Amino acid sequence: MKTSLQNINTFLGKIETGLLCLIIAMMLGLAILKIVMRYVFSASLLWSDVMLQHLTLWLCLLGAALATCERRHISIDVLSRILSENITRWSNLVVDCLALIVVGILAHYGFIFLHDEQLSEAVLIGSVPLWWAKAIIPYGFVLIGIHLLLQISIHLIGGEQTPNTVEGESD
């Protein structure tokens with residue numbers, strides 16, 4: 001069971017990595033297209049700045065989800081250096097549970113925000129509603145929450161500390 005949960009976590013991380021690569025490629029392509037349009041054709045893409053802003057939002061939230069998947073999110077490890085391994089293991093579990101609560105609250109308010117955005121008639125490109133680009137806000141937090149839930153489950157099932165480092169990283 002523990003291995004299955006770790007495989008799910010890893011699989012989600014690979015999907016996030018692929019999406020991040022795609023978003024970076026889109027951002028680079030759009031920036032190059034803007035340059036070509038401006039200097040070669042003396043034209044501009046009115047929607048490109050808004051698109052780049054929203055792609056940056058996607059980049060940030062998917063990056064945060066990937067960081068959570070790999071346990072590379074921001075943490076203060078002073079206590080883990082002072083306390084025993086057993087206490088550190090349980091303090092990591094408490095921190096993950098508290099993080100899950102915070103992420104749940106952020107996702108809740110993200111869905112309220114998204115609902116308000118859906119009432120707007122703003123469009124991104126052509127007939128694509130702008131709220132589609134903002135959908136990453138609540139779903140990004142849900143994705144972070146899924147990773148936290150998986151890590152909490154791995155911790156409880158395995159009875160051992162979920163690693164603070166990733167494969168290939170030295171302590």
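Me: Is R71 buried or exposed?
Reply: In this predicted model, R71 counts as buried, because its relative accessibility is 11%.

Me: Where is R71 placed?
Reply: R71 is in the loop between α2 and α3, the latter covering residues 78–82.

Me: Is S42 buried or exposed?
Reply: S42 counts as exposed, because its relative accessibility is 66%. R71, by contrast, counts as buried at 11%.

Me: Before going on, what is the mean pLDDT of the chain?
Reply: The mean pLDDT of the protein chain is 87, and 90% of its residues reach 70 or more.

Me: Changing topic to the core. How many residues does the largest nonpolar core have?
Reply: The largest nonpolar core has 28 residues. Those with the most contacts inside it are L62, F141 and I144.

Me: Which elements give two or more residues to this core?
Reply: They are α1, α2, α4 and α6. Helix α6 gives the most, with eight residues.

Me: What does I144 touch?
Reply: Leaving out residues up to four places away in sequence, I144 touches L61, A64, A65, T68 and V103.

Me: T68 is in that list. Where does T68 lie, then?
Reply: T68 lies in helix α2. T68 is buried, because its relative accessible area is 5%.

Me: What does the side chain of T68 reach?
Reply: The side chain of T68 reaches the backbone oxygen of A64, at 2.9 Å.

Me: Which residues does T68 touch beyond four places in sequence?
Reply: T68 touches H73, I144, H147, L148 and Q151.

Me: Staying with α2, is L66 buried or exposed?
Reply: L66, which is found in helix α2, counts as buried because its relative accessibility is 15%.

Me: With which residues is L66 in contact, leaving aside neighbours within four places?
Reply: L66 is in contact with G13, E16, T17 and L20. The C-alpha atoms of L66 and I15 are separated by 9.3 Å, although these residues are 51 residues apart along the chain.

Me: On to aromatics. How many aromatic pairs does a search of the whole structure find?
Reply: The search finds two aromatic pairs. In one of them, F111 and Y139 are edge-to-face, at 5.1 Å centre to centre and with 90° between the planes.

Me: What does the pair of F111 and Y139 tie together?
Reply: F111 lies in helix α4 (residues 85–118) and Y139 in helix α6 (residues 136–158), so the pair ties together parts that are 28 residues apart in sequence.

Me: How accessible are F111 and Y139?
Reply: F111 counts as partly exposed, at 32% relative accessibility. Y139 also counts as partly exposed, at 47%.

Me: Why is the pair of W131 and W132 edge-to-face?
Reply: The pair is edge-to-face because the planes of the two rings are at 85°, with the ring centres 6.1 Å apart. An edge-to-face label requires planes over 60 degrees apart.

Me: And how accessible are W131 and W132?
Reply: W131 is partly exposed, with a relative accessible area of 23%. W132 is partly exposed as well, with 48%.

Me: Last topic: how many disulfides does the structure hold?
Reply: The structure holds zero disulfides.

Me: Is C69 buried or exposed?
Reply: C69 is buried, because its relative accessible area is 11%.

Conventions. Residues numbered from 1 in each chain as written. Predicted model: local features only at pLDDT ≥ 70, side-chain atom pairs only at ≥ 80, totals over all residues. Heavy atoms only, no water. pLDDT = per-residue confidence, 0-100. Buried < 20%, exposed > 50% of the residue type's maximum accessible area, 1.4 Å probe, protein only. Helix = DSSP H or I, 4+ residues; strand = E, 2+ residues; numbered from the N terminus. Phe/Tyr/Trp six-rings, centres within 6.5 Å; stacked < 30°, edge-to-face > 60°. Core = buried A, V, L, I, M, F, W, Y, C linked by side-chain atoms within 4.5 Å. Contact = heavy atoms within 4.5 Å. Polar contact = N/O pair within 3.5 Å; in protein donor to acceptor, adjacent residues only side chain to side chain. Disulfide = S-S within 2.5 Å.
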